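Helix packing and ring pairs follow.

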Amino acid sequence: MAVPPIQRSQDQAGQSAAWLLDVVLGLLVVAALPLAIVAVPNTLSVVARLLPADIDRVALMRTHGLALPALMLTVPLAAAALRRFRPAHLVVAGLALLAVADAAGGYAGSELVIGVVRVLHGVGAGLVVPASLAAVWHGRPALRGVWAGVFALSLLAAQGLALWPLDAVTDWRVTLQPYPMVTGVALGLGAAYLVVSALSGRPETAGPSAAETRRLLLAAVPAAGIAAVAIATASQGWGATLVIVLAGLAVVALLALASTGTAVSRVSSYAMVAVGVVLLPSAAQVTLVEMGGLGGPGLRGLWVPFGVAGLLAVAAGVAVRLSPGGGRWLTSLGLLAMVVGLCSVRVVVPAPDGLVLAVPFTLLAVGASVALTSALGQVRAGGALFGLSLCFAGVLAGYLLGTGVQMAMLGGVRSAQELVDGFVGALHWWALVGGFLVVALIVLAALLARNAEPDGDVDDDPDDDLAGDLDGSYGADTGQGSRPETAGFETAGYQAYGASYGEAGHEAYGGGPAGGAETLPPVPSAGAFGRATGGEQEADEQATSTGPMPAVPPQAGSPEDDTPR
């Protein structure tokens, strides 16, 4: 009797290995992406009262803000390195850097060490994000939708996740190692992915072509310029008008760079820039306005809206990825949902009840997930990595723009209630500016779509993708400074670079020597993460000479209303 063929068992073994690889990769994305993005916010001002007296608090907060510039500069370089290195290697290297930074953060005691730790956080995160995108590129179609949904959720909840470990904290170094256990778990998953991917034999070449590598290196130039502007803003005390103008020029520079390449790749890059400029800076401001110390529900009241928005974002990303014939119109639809979410921010924020925030959070996260998934489906791996590089540069540009708006709204405030009203007004103005920016990009993308070539019949086969990458072609993927004294919260601008606005900004707040006005009272820290108890509120009242911070009013007036209040 002839020996039966064993091809069937080999096929079954290959299918089992592929399933195991995709499961490990999905878990790695869920653990590693939020861990990488949570390195962006600068939360040192929340624990400023715990800093040693001999440390320059303002300089320390500037140093603490180096993570985002480091991340922004690393992403295009890491994406270019994917032409030579496997994604698994870069993922593990990035997670290892995050683990080293967490371990070193426990021993930080000087500005130099803190700067090194934060740069390591940024570099590690900058390796993880593009490498994880390249890793899911040749996986099952749903994986790319999961990546987009988790990425959108990470941008939405980054500020809340960064603040959560600081509840009732007794050591300021927690800001340098917020989630050491999660880092260890993610590193273990990264090691498992490295081993399983080596055994599975699946092609992992999802890097850029030679032409895309040059574009990625070019993307590092505006990123470096935006980082320099952000650092200068934190140290030079520039005025609000200059900051807004420079931030606007930064956005224009990103759009100009996004306009290179084919019409299809431009639409994808515009969508990535829009998500970067709007999502994280907007969600961070909403989170800070809703802190318990300002009369909001606190972080405990925000987790349900975050959870609902995250689940729906992942589901939407998977649905778009698996839907047949979902064209470029889904990108515009997702961006339009983000515009509606920004409009709802103007309507429902501030909200004493956190549940109502599920509306803007869901619209922002689901819209971003749909736009990202659709945009990624229109380009090959190199174009997707290029758009991702512009996305993170857009995050810092958005922080700069939001900071300029806040500086304009908060200049000359003299009371605690004026401070609260200024923050709410700045948030409403920022929502207006961000909404108009996204609408402009939708129109621009629609005009380019008219001139775009019809989608090619491109398979999701790894060999075809590799061939396309090597010749540089594109095609559609048919698979589918608060002031350090202010403890308990910080402005969205400070979390970007962690600095006050220098002496000029200090005088604008009423604390400068020229103004001679009374310094603003600190925001009560008790209840910042939830509603304050009676004892906590009494303690804060005793610590605040002018009385407790008033609660956020039920609804602030429209920023366009010039009628004096």
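Entry 1. I looked up V345 in this predicted model and found a relative accessibility of 3%; because the limit for buried is under 20%, V345 counts as buried. The residue belongs to helix 12 (residues 329-348). Setting aside residues up to four places away in sequence, I noted that V345 touches V286, P360, L427, H428 and A431. I also recorded V345 against L432: 87 residues separate them in sequence, and 9.5 Å from C-alpha to C-alpha in space.

Entry 2. I turned to helix 10 (residues 263-289) and helix 14 (residues 381-410), whose axes come within 7 Å and cross at roughly 40°. The two helices are therefore oblique to each other, and their crossing is right-handed. On the side of helix 10, the contact residues include M272, G276 and L280; on the side of helix 14, they include L390, G394 and G398. Sorted by class, this contact has 13 nonpolar, eight polar and no charged residues.

Entry 3. W164 counts as partly exposed at 32% relative accessibility, as does W303 at 25%.

Entry 4. I found F306 and F361 to be stacked, because their ring centres are 4.7 Å apart and their planes at 5°. F306 is buried at 3% relative accessible area, and F361 is buried at 1%. Ring pairs link W164, W303, F306 and F361 into a cluster.

Conventions: Residues numbered from 1 in each chain as written. Predicted model: local features only at pLDDT ≥ 70, side-chain atom pairs only at ≥ 80, totals over all residues. Heavy atoms only, no water. Axes fitted to C-alpha atoms, helices over the stretch in contact; angles between N-to-C directions. Helix = DSSP H or I, 4+ residues; strand = E, 2+ residues; numbered from the N terminus. Parallel < 35°, antiparallel > 145°, perpendicular 65-115°, else oblique. Left-handed = near helix turned anticlockwise from the far one by under 90°. Contact = heavy atoms within 4.5 Å. Nonpolar A, V, L, I, M, F, W, Y, C, P; charged D, E, K, R; others polar. Buried < 20%, exposed > 50% of the residue type's maximum accessible area, 1.4 Å probe, protein only. Phe/Tyr/Trp six-rings, centres within 6.5 Å; stacked < 30°, edge-to-face > 60°.
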